[in-house]
Amino acid sequence: QVQLVESGGGLVQAGGSLRLSCAASGTIFSIYAMGWYRQAPGKQREMVATITNGGSTNYADSVKGRFTISRDNAKNTMYLQMNSLKPEDTAVYYCHFILTNYWGQGTQVTVSS
């Protein structure tokens with residue numbers, strides 16, 4: 001059974017940093033393109049960043065230059081380093097195997113002003 005488990009969320013002041021992790025199990029992690037997505041209250045889920053199995057990355061304009069996505073295939077884990085956080089980054093963050101139905105349960109990120 002495929003599982004994706006996020007961790008690392010929390011409450012941080014504006015300008016601070018957090019590092020999210022997504023640990024995968026039950027599948028061959030390295031074959032998947034993966035992504036981080038977020039959903040704020042009353043808004044649709046949106047793409048934050050994606051990374052291919054070859055390591056190519058793509059970012060939403062709103063996070064370019066502040067967030068960095070990475071993966072460690074040996075550890076079956078994906079990361080999202082978030083710097084210079086803003087209140088508008090407040091959301092539940094989800095990890096996802098792209099082109100599948102596999103999603104994590106989400107981790108809350110709250111940025112106070």
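**Close-up views of a disulfide and an open sheet**

**View A. A disulfide joins Cys22 to Cys95, with 2.1 Å from S to S.** Welcome to the first stop in this predicted model. Sulfur atoms of two cysteines count as a disulfide when they lie within 2.5 Å, and by this rule the count comes to one disulfide. The pair links distant parts of the chain, 73 residues apart: Cys22 sits in strand β3, while Cys95 belongs to strand β9 (residues 91-97).

**View B. Here we look at the S-S bond of Cys22 and Cys95 and its surroundings.** Which hand does the link of Cys22 and Cys95 have? The link is right-handed, with 60° about the S-S bond. Are Cys22 and Cys95 buried or exposed? Cys22 is buried, and Cys95 is buried as well.

**View C. Strands β1, β3, β8 and β7 form an open sheet.** Follow the four strands in the order β1-β3-β8-β7, and you will find the pairing antiparallel.

**View D. Strand β1 meets strand β3 (residues 18-25).** How many bridges join β1 to β3? There are five, and the two strands run antiparallel. To find your bearings, look for Val5, which stands opposite Ala23 in β3. Strand β3 also holds Cys22, the partner of Cys95 in the disulfide of the opening view.

Terms used. Residues are numbered from 1 along each chain as its sequence is written. This is a predicted model: local features need pLDDT of at least 70, side-chain atom pairs count only at pLDDT 80 or more; totals for chains, interfaces and linings use all residues. Side-chain values use heavy atoms; hydrogens and water are left out. Two strands pair if DSSP finds at least two bridges between them. Buried means under 20% relative accessible area, exposed over 50%, partly exposed in between (1.4 Å probe, protein chains only).
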